[in-house]
2 protein chains.
Amino acid sequence: MRRVGILGGMGPQATLLLMQKLLDAVPAVDDADHIPLIVDQNPQVPSRMRHLIEGSGDDPGPVLARMAERLVVAGAEALAMPCNTAHHYAPAIRAAVKVPLLDMVDLSVRRAAELAGLDGRVGILASPAVRKIGLFDAPLARCGLQALYPDDEAKMLAAIRRIKAVGPDPETAVALRTASDALLQRGASVQMIACTEYSLLSDATAVGVTAFDTLDVLVAAITGFALEDSQRGATNVV
Amino acid sequence: MRRVGILGGMGPQATLLLMQKLLDAVPAVDDADHIPLIVDQNPQVPSRMRHLIEGSGDDPGPVLARMAERLVVAGAEALAMPCNTAHHYAPAIRAAVKVPLLDMVDLSVRRAAELAGLDGRVGILASPAVRKIGLFDAPLARCGLQALYPDDEAKMLAAIRRIKAVGPDPETAVALRTASDALLQRGASVQMIACTEYSLLSDATAVGVTAFDTLDVLVAAITGFALEDSQRGATNVV
């Protein structure tokens, strides 16, 4: 099996959720059946939201690049990052290391295209930072798809901050489901949960929505890379 | 905050439990309040039980030493290992690196001595490998304490293997509680859960037992080391 390095800590609970999903994804009869990981659980990565929304604070890019280098030194043969917003800095990571980055954004756009077909609107339940930087817009547009975001950015941001502080709870679940329902009314029958804080809420999308979680797409890519013997698997998912 | 390296994967679910306990132990209002970790989630460490009980299989010592070296290269300022049995190989780890190993066995013996006083019996709910190598016997004896182990080793081993395969369930909980009750009848009113698979079961000790989990002792040591500004904290807990 091949070892995957995790650029983690954004947030730390989401990193644990990824690790738990990876354990659950492998049918195992003993420890050795599970996927080897090297995890940089680094909650001190400068705030992505502060840097992207408020334009203040340190640049997370150089920190992520240094984390990537350390993970490769520690034996990682590919990298993965359970934080959608941080994929804005993917170019800095790619420039720092030679191993592939299993790109949650690219992989999720492909999944959305499979579900939505060639023309349509895809709802993005994500942080306002993701909307501001248009993280999904161009890759979705290349598939003939339009990204739709929740109108009430303040509520989406408040939900993230609340989950980071007190964990998922009914209040944040209601906020997310309301946003999901509004996106459905605007024509987005396919929606992606594109914030690993929201991933901590189960059943957070509206009835009638075909939803998937970008974190689950990343789990599938990591599992595929780790268990794939040939190098072909790697280039397929990068 | 200081970064702690985790020699993990023994088993992988226990490593996640440690990480979750570390998140729960820190009152946080944002990501940055949490402890930075670098985690080698390596489920392919050779089986400790096979090596110690059956005398077959590869020696885990050199693998753990190499993991320790890699964690230090990746930025770890101390190491911790959420697996009691693997502490048999602590000398190989200490010989490989200069940073301190937060020793779950030594720390747990001190905790047992605090609870049991200067004379008494301490029940050890652990794998048969821990009994065979006498992991806790000598350090407890130095505190005037006697280690007592469950009689039915086959059942204890079966419980560990079942938890590794299907997770904690009522059947393994009953097995552990029965063993705990028998230890109490033999005079061990203080007992330690000294197997990170058993840590996955809550409420697994008998009524009337003063019990603690060695994993919780390790959580306190990691938290203390990470949050302590001066180097004094490190030497205190090693």
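Begin by showing both chains together and looking at the interface of chain A and chain B, across which six salt bridges are found; keep in mind throughout that this is a predicted model. To see one salt bridge, select Asp40(A) and Arg3(B), whose side chains meet at 2.9 Å, N to O. Between chain A and chain B there are 17 residue pairs in polar contact, both residues having pLDDT of 80 or more.

Next, colour the elements of chain A that touch chain B: α1 (12-25), β2 (37-41), α2 (48-54), α3 (60-73) and α8 (153-166) of chain A each supply at least two residues of that side. Of the elements of chain A, α1(A) gives the most to the side that touches chain B, with six residues. Taken as a whole, the contact involves 35 residues of chain A and 35 residues of chain B, and the two chains bury about 2,800 Å² between them, with 52% of it on carbon and sulfur atoms. Select Leu16(A), Asp31(A) and Gln44(A) as well, for these three supply 19% of the area that chain A buries against chain B, more than any other three residues.

Now move to chain B and select helix α8, residues 153-166, where the 14 residues should span 20 Å at 1.5 Å a residue, which agrees with the 20 Å between the end C-alpha atoms. Which residues of α8(B) are buried? They are Met156(B), Leu157(B), Ala159(B), Ile160(B), Ile163(B) and Lys164(B), and, seen down the axis of α8(B), these buried residues fall within an arc of 155°, so they line one face of the helix. An α-helix has 3.6 residues a turn, so residues three or four places apart point the same way. The buried residues of α8(B) pack against α2 (48-54), β5 (120-125), α6 (128-133) and α9 (170-185) of chain B, while the face turned away from the buried side carries the exposed residues Ala154(B), Lys155(B) and Val166(B). Just after α8(B), look at Gly167(B), which takes a positive phi of about 90°.

For the last stop, select Ala78(B), which is found in strand β3 (residues 78-80) of chain B and counts as buried, with 0% relative accessibility. Leaving aside residues up to four places away in sequence, Ala78(B) touches Arg3(B), Val4(B), Gly5(B), Val99(B), Pro100(B), Leu102(B) and Phe225(B). Among them is Val99(B), which lies 21 residues from Ala78(B) in sequence but 5.2 Å away in space, C-alpha to C-alpha.

Note on methods: Residues numbered from 1 in each chain as written. Chains lettered and ligands numbered in written order. Predicted model: local features only at pLDDT ≥ 70, side-chain atom pairs only at ≥ 80, totals over all residues. Heavy atoms only, no water. Helix = DSSP H or I, 4+ residues; strand = E, 2+ residues; numbered from the N terminus. Expected span 1.5 Å × (residues − 1). Buried < 20%, exposed > 50% of the residue type's maximum accessible area, 1.4 Å probe, protein only. Arc of directions from axis to C-beta. Contact = heavy atoms within 4.5 Å. Buried area = accessible area lost by both parts, 1.4 Å probe. Salt bridge = Lys/Arg side-chain N within 4 Å of Asp/Glu carboxyl O. Polar contact = N/O pair within 3.5 Å; in protein donor to acceptor, adjacent residues only side chain to side chain.
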